[in-house]
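Trainee: I have a model open and want to learn how to read it. Where do we begin?

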Amino acid sequence: MAGRKLLIENVHIPGIETFDVYRKNGGYASVEKALKKMTPDEVVEEVKKSGLRGRGGAGFPTGMKWSFLAKPEGVPRYLVCNADESEPGTFKDRYLMEKIPHLLIEGMITSSYALGANVSYIYIRGEFMYILHILEKAIAEARANGMLGKNIMGSGYDLELVVAPGGGAYICGEETALLESLEGKRGNPRMKPPFPAVKGLWGCPTVVNNVETIAAVVPIVNNGGEEYAKIGIERSTGTKLISASGNLVRPGVYELEMGVSVEEFIYGDDYCRGIANGKRLKACIPGGSSVPILPAHLVTKTANGENRLMTYESLADGGFASGSMLGSGGFIVFDEDQCIVRNTYTFARFYAHESCGQCSPCREGTGWMEKVLHRLENGHGTMEDITLLEEINKKIEGNTICPLGDAAAWPVAAAIRHFREEFEWHVTHPAEAQTRNYGLIQPRVEEIKAL
Amino acid sequence: MHNMKIESPSTQDSTPIVFSAEMIAEINSVIAMFPEGKSKSAIIRILHIVQTHYRWTSVPAMNAVAEILNIQPIEVYEVASFYTMFHLNPVGNYVFEVCRTGPCMIVGSDDIIAYIEEKLNVKVGGTTADGMFTLKTAECLGACGYAPVLQCQYKFHEHLTKEKVDEIIEAYRAAQFVN
């Protein structure tokens, strides 16, 4: 059973990208309800009750984030939508904004009202320039229909929406780097505290939320937070957009109720329909490139032998020893022919390229990791190199202003943790490693016991 | 920031640039999107406008942007050099930026890059002799489910195969480049 969809149910309706069709299909009901029948605090209360957690990757409770927003007299407050979508493996926000742009605009209006913002921004990665144009068209339509501007729906509430592009920088997905970029500067993350909720855009209190998070506010306000919280399991409430990529029969964007099993998601007819070309599963990165990779035997089951579910808790079951994270929902699947060393190298190269350079552990460490992994991948590595990678990892992790350092360190650590034999094989069989891939990895003895 | 960009601004031509009236109007409409006194926020979008017009972001063009925003030229250079989309050196009529990060790599982006190099007789970073194409690689373009992917002048080309690359190159060769 495919389950309920709260966000992208209507994407296939012809013309849904236009205001009229979107409105006819129930669009902007949350704006009407919030502005006419609810106080801003009541909207915040519903979001708290919903249990919604940030969909950008960190999973922080949205209602709580909103309640931290400082409200000094006479100082403007801002809502900034993070549409930077730059975590490798993640392409869900692009899909949502392209197919059903008014859902984001509606969420922005309802959320801005809740936060008391009269100007809100959507910061979108520069590569998505065509989506910036889609959003600006939707904003113009919304404005022409009285959903933006002065005195929206006669409520006395005013709101302007502005879309601003980035210029190609992964780091601008980090909220303080995003704010720097939105101020027209290099995307160097800020020291926290102060947090954006106190000092954000131009020094004013600011909430930064991911596209999907803001879109989810629409069904939450429409149906009530409690209804939303009934979907899902434990603290993973509601639905989640998953971007599925890699060696799958049917990669793409899926909306699923939290709690679908990983096995069903990979193999089920409603979802990815299994591994492409009849191959076997080798590994999976379930939440975007920054989260730990899992070997096949830990993808569909936890180390305790329980079914692994698509929830924050279940994907993290086992900690970093045998679990991973839901992250941004960037679900990357590897078949038996993929080289884990090569993949780890491409991600290390990515982080070295994207480090902003402020903190030396990250700036230097990511460069070292790239070089060492390049050596290993190309048959010039030594056993000490594997240990060296682990050492560099420990020196980066936790020692940087922003999480990019951790994001660069964790995938390398996890790849070595679970695929050490494959790294060692690159050292012991350098010539062979250039001509073929290592293949599937066998579960280790201690892991077999647990299974 | 040694990692992010290897490009330093070209110094080959320092002749001042004067933007056209249309460009100035477009730039002013971007500045108007931000509160008074916050015009610097417009800088990235202005650089996109400049690059769309001139194909690359030259020092004289950045100086002109600085003048409009009433900021020091260095404030423009430091932004342009931070963001990878801005080409600080001359490029061909069409710039192919082929994604090479994990999700694209595992479905064959390495082969696609090698094929384009061979087909256009150009190495990554180079421009074809006729000045038509520049080949670059990119880190994650956010289209992983439709990999392998390349982007050319903001347009995404997805599910790349060698045949599809042939078609794309032919289409760009046949198109009249308007700029």
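Mentor: Begin with burial. A residue is buried if 20 or more other C-beta atoms lie within 10 Å of its own, exposed if 12 or fewer, and partly exposed in between, with C-beta atoms placed from the backbone. By that count, buried residues make up 39% of the 179 residues in chain B. One caution: this is a predicted model, where local features need pLDDT of at least 70, side-chain atom pairs count only at pLDDT 80 or more, and totals for chains, interfaces and linings use all residues. Residues are numbered from 1 along each chain as its sequence is written, and chains are lettered from A and ligands numbered from 1 in the order in which they are written.

Trainee: What is the mean pLDDT of chain B, and where does pLDDT stay under 50?

Mentor: pLDDT is the predictor's confidence in each residue, from 0 to 100. Chain B has a mean of 92, and 94% of its residues reach 70 or more. Residues 1–5 of chain B stay under 50. Where pLDDT is low, the predicted coordinates should not be read in detail. For the model, ipTM is 0.94 and pTM is 0.96.

Trainee: Which elements make up chain B, and in what order do they run?

Mentor: Helices (H or I, at least four residues) and strands (E, at least two) are DSSP runs, numbered from the N terminus. Chain B holds seven helices and four strands. Their order from the N terminus is α-α-α-α-β-α-α-β-β-β-α.

Trainee: What radius of gyration does chain B have?

Mentor: Compare it with a rule. The radius is taken over C-alpha atoms, and the globule rule is 2.2 Å times the number of residues to the power 0.38. For 179 residues a compact globule would have a radius near 16 Å; chain B has 18 Å, which agrees. Along the principal axes, its C-alpha atoms fill a box of roughly 50 × 30 × 30 Å.

Trainee: Which domains is chain B divided into?

Mentor: Domain bounds come from an automatic or database domain assignment. Chain B has domain 1 (1–89) and domain 2 (94–174). Their C-alpha centres lie 26 Å apart.

Trainee: How many residues of chain B are in contact with chain A?

Mentor: Two residues are in contact if their C-beta atoms, placed from the backbone, lie within 7 Å. Here 38 residues of chain B are in contact with 53 residues of chain A. Helix 2 (43–54), helix 4 (73–80) and helix 5 (102–105) of chain B each give two or more residues to that side of chain B. Helix 2 of chain B gives the most, with five residues. For classes, Ala, Val, Leu, Ile, Met, Phe, Trp, Tyr, Cys and Pro count as nonpolar, Asp, Glu, Lys and Arg as charged, and the others, Gly among them, as polar. The side of chain B that touches chain A divides into 22 nonpolar, ten polar and six charged residues.

Trainee: Now a single helix. What should helix 7 of chain A span?

Mentor: The expected span is 1.5 Å times one less than the number of residues. The 16 residues of helix 7 (residues 129–144) of chain A should span 22 Å, and the end C-alpha atoms are 23 Å apart, which agrees.

Trainee: Which residues of helix 7 of chain A are buried?

Mentor: Among them are Ile131(A), Leu135(A), Ala138(A) and Ala142(A). The buried residues of helix 7 of chain A pack against several elements of chain A, including helix 6 (101–115) and strand 2 (119–124). Just after helix 7 of chain A, Gly146(A) takes a positive phi of about 75°.
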